[in-house]
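Colleague: Please take me through this model. I would like to know what each description rests on.

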Amino acid sequence: SAVRNFSLRSWVRIAALGYWATGALFLVSFLAGFQPLGFEPMVVALTAAHFHLAGFVLTVVVFCLLSDAPGRTNKIIAVASLAGMPLVATGIPLTRLGFLPTFEWLSALGFALFALTIAWQHLALFFKDKYPRPARLLWLAAALCLLSGAVLAVLYALRFSYPISWVTIPNMKNWHG
């Protein structure tokens, strides 16, 4: 069948487009005043941003990493790019609907590990002298941004088990974004 002929790279490309489209749908929902599952408007807007950045942009980065070096680590993060956003996007509404937050924090921790692995790959590229210095510095900056974003995401995911007073949606909007 044609589906079996798709490579992992092809699935990653399709997922990136799906995340981009989902982000656009949430942005249109925000602009139209529609609130899926009764989420506050800010949460709808932040969902759009997350699907565009954590979904689309990270998956495009994974696509590039996989295209350049299709080794084991990049294949693992490619599979994670297919599963990460859907799992987190399922966990948050489940918690919102009254289920235990366990699925949300497990999926968020898994996604943070995914982001940290991408940061690690960026650091590895930073140390390769074959690339121009400006590109290497941008990879270093990207790694540091991913590291800080992942740490904040972990703190937010664990808010039910380890409450921290400043880990709120408004603060995450300011600092995590």
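How the helices pass

Modeller: H1 passes H2 in a left-handed crossing. The model is predicted, with local features needing pLDDT of at least 70 and side-chain atom pairs pLDDT 80 or more, while totals for chains, interfaces and linings use all residues. Residues are numbered from 1 along each chain as its sequence is written, and side-chain values use heavy atoms, without hydrogens and water.

Colleague: What makes the crossing of H1 with H2 left-handed?

Modeller: The near helix is turned anticlockwise from the far one by less than a right angle; clockwise would be right-handed. The helices themselves are DSSP runs (H or I, at least four residues), numbered from the N terminus.

Colleague: Why is H1 called roughly antiparallel to H2?

Modeller: The axes of H1 (residues 8-32) and H2 (residues 41-68) come within 8 Å and cross at roughly 165°. Angles run from 0 to 180 degrees between N-to-C directions, with axes fitted to C-alpha atoms over the stretch in contact. Over 145 counts as roughly antiparallel, so H1 is roughly antiparallel to H2. The contact of H1 with H2 has 20 nonpolar, 8 polar and 2 charged residues. Asp, Glu, Lys and Arg count as charged; Ala, Val, Leu, Ile, Met, Phe, Trp, Tyr, Cys and Pro as nonpolar; the others as polar.

Colleague: How do you know how H4 and H5 run relative to each other?

Modeller: H4 and H5 pack at an angle of about 165°, and their axes are 8 Å apart. They are therefore roughly antiparallel to each other. H4 also passes H5 in a left-handed crossing. Their contact holds 22 nonpolar, 1 polar and 2 charged residues.

Colleague: What is the volume of the largest pocket, and which residues are closest to its centre?

Modeller: The largest pocket has a volume of about 1400 Å³. A pocket is an open set of points on a 1 Å grid where a 1.4 Å probe fits, with protein on both sides within 12 Å along at least five of seven lines; lining residues have an atom within 4 Å of a point. Among the 45 lining residues, Leu46, His50, Ala54, Ala153 and His176 are closest to the centre. H2 gives the largest share of the lining, 11 residues. The lining divides into 32 nonpolar, 8 polar and 5 charged residues.

Colleague: Which elements have the lowest and highest confidence?

Modeller: H6 has the lowest mean pLDDT (82) and H1 the highest (96), where pLDDT is the predictor's confidence in each residue, from 0 to 100. The mean for the protein chain is 91, and 97% of its residues reach 70 or more.

Definitions and conventions:
Helices (H or I, at least four residues) and strands (E, at least two) are DSSP runs, numbered from the N terminus. Angles under 35 degrees count as roughly parallel, over 145 as roughly antiparallel, 65 to 115 as roughly perpendicular and the rest as oblique. Grid points are joined across faces, edges and corners, and a volume is the space filled by probe spheres set on the points.
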